[in-house]
Amino acid sequence: MPATMDLAHEMGYARNAPTTATPARRILFFFGDNRQMILQSVNPATNRVENTFPCWSLQTTATVLDDMSEAWSRWAVFPMRERVDMLCEAAREIRARLEPLAVLITHEMGKPLREARLEVEKCAMICEHYAAHGPQYLAPMRPHGAPQDATVVFEPQGVVLAVMPWNFPFWQVFRIAAPTLLAGNGVALKHAPNVPGCAEVIEHIFLSAGLPENVFRSLFIDEDVVEPVLSHPGVAGVSLTGSCGAGSSVAAAAGRYLKKSVLELGGSDPFIVLPDAELDKAVPTAVASRCRNAGQACIAAKRFILHRDIYDEFLERLIFAMEDVRVGDPLRPDTDMGPLASVYQRDRLQNQVDRCVEAGGCILLGGSPLPGAGAFYPPTVIADVPPDADVAGEELFGPVALVFRAEDEDEAVALANGTDFGLGGAVWTADTKRGLALAARIRAGSVCVNGLVRSDPFLPFGGTRSSGYGREMAEYGLREFVNIKCVRTG
């Protein structure tokens with residue numbers, strides 16, 4: 001497989017400023033009194049180092065932020081028509097390079113190539129969505145019942161720091177970048193350290209689409225530089241998708257500098273199945289939700305809560321279907337599931353599986369890493385974990401399904417809400433009215449009745465409780481980082 005730098009070069013993108021690196025390992029080299037962080041890009045399918053990248057110094061980072069502040073002040077007054085044209089051109093650029101972009105994603109974080117293609121296509125779609133609907137979302141308005149002389153306008157505020165994860169290395173960035181840029185803000189991307197090639201190429205996509213220099217920049221920095229970035233006067237706020245620990249740390253830093261934060265954190269999403277559910281649809285959806293992207297999705301179904309009357313049949317079908325998932329080389333067309341993003345992630349997942357067993361859980365399928373050099377982990381099913389065990393409420397970021405039995409609907413809801421998270425959830429029943437009533441009792445940002453929980457540019461996305469706050473996408477996400485100003489003429 002070609003190296004990350006070669007892929008960027010083949011796409012016609014030249015490397016400019018000092019760039020970064022990838023996941024699993026971070027090594028500090030000491031040279032006298034000087035310290036420099038070196039990040040290594042590791043292919044998770046082979047566990048081989050592909051590239052190394054130096055982190056930027058604080059001085060380099062500060063200079064880039066100064067340049068961004070100046071560039072943003074000019075971008076903020078660009079006509080809306082030109083911002084729309086830029087997003088439309090970005091969508092064309094993405095589609096024109098869809099295959100090499102998908103290969104880059106697979107190469108850096110391991111998802112099957114066909115899933116990577118869908119991710120890239122979705123990025124073009126969200127650019128087109130905001131190009132088509134964003135101007136209406138940002139149009140001046142008079143709230144219902146407000147005085148006739150009052151108008152509410154939406155104005156850009158500055159540079160938004162985007163701290164993004166590796167599991168959807170293009171989609172996560174574009175769903176914050178497209179609306180933020182359309183609103184007239186700048187975007188400083190601090191991407192996950194294991195997808196530096198994606199970070200580099202995303203910046204070039206926007207430049208090729210006509211975005212002025214320094215309005216969007218990828219910052220190749222370590223996590224301990226995030227707070228100094230937030231302290232910069234040109235940075236207006238931060239949007240983070242990641243772990244609860246990262247979210248808490250970044251939110252605290254943002255608070256110290258009175259900067260707004262939007263957090264999309266983890267999830268331990270329930271998947272409730274009632275006795276009248278159509279299992280021919282529910283079981284394949286359960287497997288798709290749990291094994292897509294090797295289970296590395298915040299809104300993946302993670303806890304399967306089965307009514308006692310359907311428990312045995314659903315569990316038998318689930319095990320059979322999970323066993324049929326083909327795990328292997330993510331570049332092969334017949335592969336259903338690739339490796340986890342790194343050996344570190346694989347070992348972390350194994351620790352959680354071991355804790356499930358220690359708590360009383362019974363492994364019915366899988367349960368240990370696959371042999372070989374890569375970070376491969378098989379689809380795994382675990383039953384009988386006590387609901388009050390710590391691990392039962394954690395986010396298992398991998399293809400591990402925890403199965404719970406519920407005596408009735410009330411217990412199913414109690415189990416669903418028996419975690420600190422509140423991102424997504426699903427209810428399966430032939431009675432839609434019954435499903436909607438149950439969905440209303442689940443504390444989450446999104447609940448789907450008889451379907452796969454997923455994000456959509458037309459709908460707000462986010463969570464509650466430990467899954468974060470604020471919203472992405474639709475008009476709600478577009479207005480998170482604008483000044484909502486009231487103007488009166490009388």
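This briefing describes selected features of the predicted model shown above, grouped by topic.

The model is predicted, so local features are reported at pLDDT of at least 70 and side-chain atom pairs at pLDDT 80 or more, while totals for chains, interfaces and linings use all residues. Residues are numbered from 1 along each chain as its sequence is written, and side-chain values use heavy atoms, with hydrogens and water left out. Helices (H or I, at least four residues) and strands (E, at least two) are DSSP runs, numbered from the N terminus.

**A mixed sheet and its helices**

- An open sheet is formed by 6 strands in the order β7-β6-β5-β8-β9-β17, with mixed pairing, where two strands pair if DSSP finds at least two bridges between them.
- The edge strands of this sheet are β7 and β17 (468–469), each of which pairs on one side only.
- Strand β5 (residues 159–163) runs parallel to strand β8 (residues 235–241), and 5 bridges join them; Ala162 has Ser239 in β8 as its bridge partner.
- Helix α7 packs on the sheet and touches β6 (186–190) and β7, its direction making about 165 degrees with that of β7; contact here means heavy atoms within 4.5 Å.
- Helix α9 (residues 244–256) also packs on the sheet, where it touches β8, β9 and β17, and its direction makes about 170 degrees with that of β8; axes are lines fitted to C-alpha atoms, for helices over the stretch in contact, and angles run from 0 to 180 degrees between N-to-C directions.

**Strand β14 and its partners**

- Of the 7 residues of strand β14 (residues 400–406), 6 are buried, so that the strand is mostly covered; buried means under 20% relative accessible area, exposed over 50%, and partly exposed in between, with a 1.4 Å probe and protein chains only.
- Strand β11 (residues 301–307) runs parallel to β14 and is joined to it by 5 bridges, with Leu306 standing opposite Arg405 in β14.
- Strand β13 (residues 380–383) pairs with β14 in the parallel sense over 4 bridges, and here Val381 stands opposite Ala401 in β14.

**Salt bridges**

- Side chains of opposite charge can pair when their charged atoms come close.
- The whole structure holds 29 salt bridges, each being a side-chain nitrogen of Lys or Arg within 4 Å of a carboxyl oxygen of Asp or Glu.
- Arg74 and Glu70 meet in a salt bridge at 3.4 Å, N to O, and both lie in helix α2 (residues 58–75), 4 residues apart, which is about one turn of the helix.
- Arg74 counts as partly exposed at 46% relative accessibility, and Glu70 likewise counts as partly exposed at 49%.
- Glu99 and Arg117 form a salt bridge at 2.8 Å, N to O; because Glu99 lies in helix α4 (residues 98–109) and Arg117 in helix α5 (residues 113–137), the pair ties together parts that are 18 residues apart in sequence.
- Lys260 and Glu480 form a salt bridge at 2.7 Å, N to O; Lys260 lies in strand β9 (residues 260–264) and Glu480 in the loop between α15 (474–478) and β18 (482–488), so this pair ties together parts that are 220 residues apart in sequence.
- Lys260 is partly exposed at 37% relative accessibility, whereas Glu480 is buried at 14%.
- Arg95, Glu121 and Glu128 are linked in a network of salt bridges.

**A buried charge without a salt bridge**

- Arg83 belongs to helix α3 (residues 80–96).
- Arg83 is buried yet has no salt bridge, and the nearest side chain of opposite charge, that of Glu82, is 8.4 Å away; in this count Lys and Arg are positive and Asp and Glu negative, while His and the chain ends are not counted.
- A polar atom of the Arg83 side chain lies 2.8 Å from the backbone oxygen of Leu182.
- Leaving aside neighbours within four places in sequence, Arg83 is in contact with several residues, including Trp75, Phe78, Leu181 and Gly184.

**Positive phi angles**

- Most residues other than glycine have a negative phi.
- Asn214, which is not a glycine, has a positive phi of about 75 degrees; Asn214 lies in the loop between α7 (196–208) and β7 (216–218) and is buried, with a relative accessible area of 18%.
- Ala474, in helix α15, has a positive phi near 55 degrees, and Ala474 is buried with a relative accessible area of 2%.

Methods: Polar contact = N/O pair within 3.5 Å; in protein donor to acceptor, adjacent residues only side chain to side chain.
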